[in-house]
Amino acid sequence: MSTEGPSNFIRDIIIEDIKSGKYGGRVQTRFPPEPNGYLHIGHAKAICLDFGLAAEFGGKCNLRFDDTNPSKEETEYVNAIMEDVQWLGFQWDGLYYASDYFQQLYEWAIQLITAGKAYVCDLSADEIRAYRGTLTEPGRESPYRNRSVEENLDLFERMKKGEFPDGSRTLRARIDMTSPILNLRDPVMYRILHMDHHRTGNEWCIYPMYDYAHGQSDSIEHVTHSMCTLEFENNRPLYNWFIEQLGIFPSRQYEFDRLALTHTLLSKRKLLKLVEERHVEGWDDPRMPTLSGMRRRGYTPEAIRNFCASVGVSKTNGITQLQQLEYFLRQDLNRIVPRVMCVQKPLRVVIENYPDDLVEEMEAINNPEDSSAGTRTIPFSRTLYIEEDDFREDPPKQFYRLAPGREVRLRYAYLITCKEVIKDSSGRIVELRCTYDPATRGGNTPDGRKVKSTIHWVSAAHALSAEVRLYDNLFVKEDPNDVAEGQDFTANLHPESLQVLHDCKVEPSLRDAAPGTKYQFERLGYYCVDRDSGQRLVFNRTIGLRDTWAKIEKRATTGA
RNA sequence: UGGGGCGUAGCCAAGUGGUAAGGCACCGGUCUUUGGAACCGGCAUUCGUUGGUUCGAAUCCACCCGCCCCAGCCA
């Protein structure tokens with residue numbers, strides 16, 4: 001057991017519990033998603049906590065699907081969730097479903113009815129709401145609250161048998177209609193729903209509510225520490241009430257703050273709207289904050305886990321800046337991903353004094369952060385492509401890339417000097433005529449001369465064409481929900497969150513790059529091969545490199 | 001005077017009576033065949049406010065202010 005390193009209040013509680021011998025030093029947690037949608041980065045924080053704490057203290061963590069509402073749940077989501085949890089790097093001990101417990105829950109309901117702690121109520125949904133009272137006024141007791149145990153037992157059994165239509169009756173806990181805690185004002189335990197369930201089919205037509213299922217499910221699994229997000233603080237009294245009335249294993253619930261990120265939406269309802277209204281291409285669109293979207297974008301599980309660890313666990317409603325996530329992404333990618341050259345916006349360069357028929361293989365380092373990654377060779381020839389942004393006919397101050405008369409280094413190749421700029425009839429620069437210094441092969445300068453810039457390139461005759469998809473934040477504003485009256489978050493959608501470049505040039509070593517493979521395009525950023533890639537190469541930009549020049553240039557144009 | 005939570009730097013966050021960790025961002029600098037990475041340095045006399053207790057308060061007490069959650073037969 002480790003008690004070193006950054007802690008948090010839940011971890012501290014666990015350490016205390018182990019020390020005091022509560023639960024015999026055992027730690028059992030669970031991650032309990034409802035299979036009604038895809039997992040996103042917010043869930044990743046919960047997963048890291050649930051699985052991470054169990055692992056740290058030699059405990060176990062179950063994956064339990066909270067599938068108590070058949071109207072929203074599907075097997076497709078169950079499978080996607082399992083895939084995402086494993087991709088993130090975690091393996092559950094037990095795999096369970098709340099629906100596994102339907103029979104036990106039903107028997108416990110009968111036990112509560114028998115004890116006079118639950119009753120069948122014939123009030124409609126509207127009536128129940130009216131009887132519940134308000135935040136400041138107490139509720140009123142249902143006229144059905146004092147039915148006899150026998151009648152309740154009979155009615156509940158008939159509810160189960162399917163004798164009544166949806167919505168006609170509910171089973172309610174008999175607690176206190178005047179409680180200041182709204183959840184305790186005779187909460188509904190069961191509702192009638194004649195609907196197929198993704199696992200139990202038509203076996204049941206009454207389904208337990210979250211509050212009646214969750215705590216008992218934890219208890220059945222002997223969960224010691226049940227973590228959930230802050231909005232469930234209000235449910236804790238009820239969670240405890242059922243466990244106490246039933247006299248079952250005392251699981252305890254602890255609430256922590258939900259993850260929130262700038263420029264990002266993490267509400268299943270809103271993400272669903274983005275998908276349905278085709279603002280994105282699907283749940284795994286690389287701009288989505290879903291784990292499947294992030295995976296396709298090129299995120300690594302390690303980066304996400306490190307990020308989750310960095311934001312900590314507390315009870316404050318904070319909004320973490322996206323840059324913090326991006327930092328951990330770059331950090332991980334930087335040390336594991338091979339470098340390669342890609343020219344996104346090609347500008348032709350002809351080396352006038354380089355032999356027309358010569359092709360040299362230049363040796364390049366695959367990953368300067370990892371010497372075991374070795375080297376590869378890249379063909380060099382007379383006609384090349386360089387990045388359009390790496391040349392300025394009239395270079396501004398502090399721009400030290402290529403310009404007329406200026407010398408720069410071609411990465412791993414030669415030093416070249418720009419002699420002439422060729423334009424088309426419209427004045428657009430179409431080609432640069434340069435000369436190279438044969439003594440600088442590999443980019444070395446035997447005379448010790450310095451050049452201020454090294455730029456990337458690709459041999460025109462050897463380059464492969466590729467499509468590159470550049471992604472930006474899906475939302476322009478930090479808070480996507482910050483909109484004018486009458487608008488919704490879609491008003492904040494970034495019109496250029498996806499930009500497709502169709503004729504990028506990549507070095508030939510990328511010919512057979514398989515989908516999912518990650519690279520750093522030198523000086524540009526991190527990219528990965530999209531699943532759309534085939535005979536035609538398609539890359540997703542995961543994240544750009546930090547760009548100091550862009551910052552300088554922006555500062556200059558903004559007029560600082 | 002409904003209940004439950006939370007306020008420490010631009011953001012996240014340690015800290016639980018002994019004189020404000022760390023990370024992101026930002027700003028300098030070193031180094032560099034990626035304007036990347038790495039490295040060095042800077043960045044809260046003050047912890048929502050106001051009082052009080054104390055030799056000593058972000059930590060204890062009181063009041064006030066602000067924000068979040070709860071009135072689904074959703075989870």
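Which part of RNA strand B, sugar or phosphate on one hand or bases on the other, supplies what percentage of its atoms within 4 Å of the protein? Sugar or phosphate accounts for 65% of these atoms, and bases for the rest.

Good morning. This is a predicted model, in which local features need pLDDT of at least 70 and side-chain atom pairs pLDDT 80 or more, while totals for chains, interfaces and linings use all residues. Residues are numbered from 1 along each chain as its sequence is written, chains are lettered from A and ligands numbered from 1 in the order in which they are written, and side-chain values use heavy atoms, without hydrogens and water.

Let us begin with the RNA. A residue is near the strand if one of its heavy atoms lies within 4 Å of it. There are 69 residues around RNA strand B, and Arg 339, Arg 401, Gly 442, Gln 520 and Thr 548 come nearest.

A polar backbone atom of Gly 167 is 2.8 Å from a base nitrogen of RNA strand B.

Strands are DSSP runs (E, at least two residues), numbered from the N terminus, and two of them pair if DSSP finds at least two bridges between them. Seven strands form an open, mixed sheet in the order β19-β16-β17-β18-β12-β15-β20. Its edge strands, β19 (454-455) and β20 (457-459), each pair on one side only. Within the sheet, β12 (346-351) and β15 (383-387) are antiparallel, with five bridges. Leu 347 has Ile 386 of β15 as its bridge partner.

How values were computed. Helix = DSSP H or I, 4+ residues; strand = E, 2+ residues; numbered from the N terminus. Polar contact = N/O pair within 3.5 Å; in protein donor to acceptor, adjacent residues only side chain to side chain.
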